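Here are my notes on this model. Please read them beside the coordinates.

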Protein chains: 2
Amino acid sequence: MDIVLIGSGHVAYHFGRAFLREGHNVKQVYSRTLGHAQGLADQLGSVSIASLDNVAIDVDIWLIAVQDNAIPTVLEGLPLEFRGVVVHTSGATTASVLDRFGTYGVIYPVQSMRKETEVDFSQVPLAVEGNDTFAEGLLLQLASSISGHVFRCSSEQRLALHLSAVFANNFTNALFDIAYKLSSEYGLSFDLLVPIILQTAENIKKHVPADVQTGPAVRNDQATINRHLDFLKNHPEYAGIYNAISNYLLKRK
Amino acid sequence: MDIVLIGSGHVAYHFGRAFLREGHNVKQVYSRTLGHAQGLADQLGSVSIASLDNVAIDVDIWLIAVQDNAIPTVLEGLPLEFRGVVVHTSGATTASVLDRFGTYGVIYPVQSMRKETEVDFSQVPLAVEGNDTFAEGLLLQLASSISGHVFRCSSEQRLALHLSAVFANNFTNALFDIAYKLSSEYGLSFDLLVPIILQTAENIKKHVPADVQTGPAVRNDQATINRHLDFLKNHPEYAGIYNAISNYLLKRK
């Protein structure tokens, strides 16, 4: 398919590379900053643009991959005569923000994407929504060409999925950050925690998380909880998180 | 070495199997419940006891692997004439709780241990502390025979490490549990979150957690945060955790 990439950040980068690999034609890459657009366009054998007045309308797809809060500005700049499918890639934004266009939809990748990290796009779950049969069919076709894990997903389901991913990825990494800082503070290498972190993640391939929950809170070991909280008395921000999660685990019993 | 295992739960099970594999002799397995002791003793070619009056004193090590809150009761039951090294395996308990004995120490495994889950003990970091040169030497020798990742660790460092492991393992799994429940509630398979969870864990092998932090909080995207919190209005316990971790990430910037 012929595609215009609107955005040149982490998500646009990984989509662009996946499109190229599967033989799609990325006709243009847009960024407000021409240098950014140029950097990605060069890698994709594409053309950079820094004004949406120049966006190609003789293509199949406009794929908007910008930060959520930049979507409204991009939409205001896009010409309305486009007859292809306008798509965004946001987990937390309804498809209907695109309803000024005739055919539109969403392809949301359930993966954290950074340019610095390799992503095997064929393994990335892609949540697809279209406003009509044509849009949905075309987007399912496009998504299936770059990933083996494509599924239809309403805007409400997608928000639940995005929020779940925030817990499973963003917040999990924040806990790793705290563990890193706490252990460093006491002269301990973070390498000591790598095996337990990897096993915690591996467990979910075979087990429901609730079935493998361990720790002082789940066995209601108040003495250990108090020892931990006393240890955290100079770190109220860690203690706040400790209390919130422990209270969840205590009540969950 | 000749060892008595005091306890027959998850941690005792994995230590016992590692000792057996490396040619140590587990002379007895103690549990308050004889059937529990018997179950593990059978697997280790050992003898079960349900009374500490019968504990063998002609051995090198008593290894106490019971829940933290059961340690005081066990200590009251143990005869004081033992001349070997008394060891506990708790991350959050000082070595000095054992100071009624002449030589004592700690071997704390930095891994979550459940009987149902295979543990490659040779990869488990073991934090070792002894009250004197003899105890520390013997415990370093024993620990090094079953793991390639042995290090000396004070009681204070061990508490920091245990607490770090609670963040990195127990709390992380609690977040997976919430993600599981949220996605299930909206008819989504937890399998959709497996790739992002595995990548989140893999990242820490190469990156400092703070360097790979993503998500709405770290980019101060209040619109998305508000959308998430609105979505969680029927789940105040999830919202409490969401707020605590988001506030940490927002301030961390």
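1. Start with strand E4 (residues 61-64) of chain A. A:Ile61 and A:Leu63 point one way, A:Trp62 and A:Ile64 the other, and all are buried. Buried means under 20% relative accessible area, exposed over 50%, partly exposed in between (1.4 Å probe, protein chains only). Helices (H or I, at least four residues) and strands (E, at least two) are DSSP runs, numbered from the N terminus.

2. Ground rules. This is a predicted model: local features need pLDDT of at least 70, side-chain atom pairs count only at pLDDT 80 or more, and totals for chains, interfaces and linings use all residues. Residues are numbered from 1 along each chain as its sequence is written, chains are lettered from A and ligands numbered from 1 in the order written, and side-chain values use heavy atoms, without hydrogens and water.

3. Pairing of E4(A). E1(A) and E4(A) run parallel, joined by 4 bridges. A:Leu5 has A:Leu63 as its bridge partner. E4(A) also runs parallel to strand E5 (residues 85-88) of chain A, again with 4 bridges. Here A:Ile61 partners A:Val85. Strands pair if DSSP finds at least two bridges between them.

4. Helix H2 (residues 34-44) of chain A. Its buried residues are A:Ala37, A:Leu40, A:Ala41 and A:Leu44. They lie on the same side of H2(A) because they cover an arc of only 105° around the axis, taken from the directions from the helix axis to the C-beta atoms. A:Gly35 and A:Asp42 are exposed on the other side.

5. End of H2(A). Just after the helix, A:Gly45 takes a positive phi of about 60°.
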